[in-house]
Every structure is written in structure tokens, then in C-alpha cells.
Amino acid sequence: MIRRHILCFGNPLHGDDGFGAAVFAHLAARPRPENLLLFDAGTAGPAALALFEDCDEAIVVDALAPAGTPGRIAQPCVDS
């Protein structure tokens with residue numbers, strides 16, 4: 001079974017940087033498959049590296065600057 005982590009970064013006290021915390025709150029209130037773990041990573045910095053351990057796939061939710069118009073959602077293209 002593929003182990004997936006969703007890592008939500010950000011600080012809700014700093015405007016758009018609270019996006020990760022908002023996504024975490026939204027997802028935490030919903031049922032998830034047992035192979036999907038959800039983390040509120042806050043502003044963990046290098047300590048967040050441990051959150052990538054023991055997973056096959058990771059989704060990172062964070063705000064970017066500059067990311068254009070506030071509220072815009074971007075998905076980077078990642079080649080394996």
C-alpha cells in the first residue's frame with residue numbers, strides 16, 4: 001500500500017501564509033484512508049524533514065511569494 005503524507009505549512013497570523021493551516025483544518029474534519037497521514041507543519045523549517053520519512057508520496061501545501069494574484073493555486077510540474 002502506498003503511504004501518502006499531506007504536509008500543510010504556514011502561519012495563520014500572517015495573511016496568505018495561513019493557507020496551509022486552513023487546508024489542514026478543512027481536511028482534518030474529514031475522513032481519510034488509513035494510508036494517508038495529515039500534518040500541520042506550521043513553520044517547522046528544517047525540523048519538517050522528518051515529516052517526509054516513511055512515505056512514498058508527499059503533497060506539500062504552502063504559500064509562495066511571489067505567486068501572483070493572492071488566492072491563486074499553483075501545481076508545480078515534477079518529473080520523476
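Student: Which side chain meets Asp-56 in a salt bridge?
Tutor: Arg-3 does, at 3.4 Å from N to O. A salt bridge here is a side-chain nitrogen of Lys or Arg within 4 Å of a carboxyl oxygen of Asp or Glu. This is a predicted model: local features need pLDDT of at least 70, side-chain atom pairs count only at pLDDT 80 or more, and totals for chains, interfaces and linings use all residues. Residues are numbered from 1 along each chain as its sequence is written, and side-chain values use heavy atoms, leaving out hydrogens and water.

Student: How many salt bridges are there?
Tutor: Two by this rule. In the other, Arg-4 meets Glu-57 at 2.6 Å, N to O. That pair joins distant parts of the chain, 53 residues apart: Arg-4 sits in strand S1 and Glu-57 in strand S3. Strands are DSSP runs (E, at least two residues), numbered from the N terminus.

Student: New topic. Which residues make the nonpolar surface patch?
Tutor: Leu-49, Phe-52 and Val-60, over about 290 Å². Patch residues have over 30% relative accessible area and no salt bridge; like charges are joined within 9 Å, nonpolar side chains (Val, Leu, Ile, Met, Phe, Trp, Tyr) within 5 Å. Areas come from the Shrake-Rupley method with a 1.4 Å probe; for residues, only the protein chains shown count as cover.

Student: Where is Val-60?
Tutor: In strand S3. Val-60 is partly exposed, at 46% relative accessibility.

Key. Helices (H or I, at least four residues) and strands (E, at least two) are DSSP runs, numbered from the N terminus. Buried means under 20% relative accessible area, exposed over 50%, partly exposed in between (1.4 Å probe, protein chains only).
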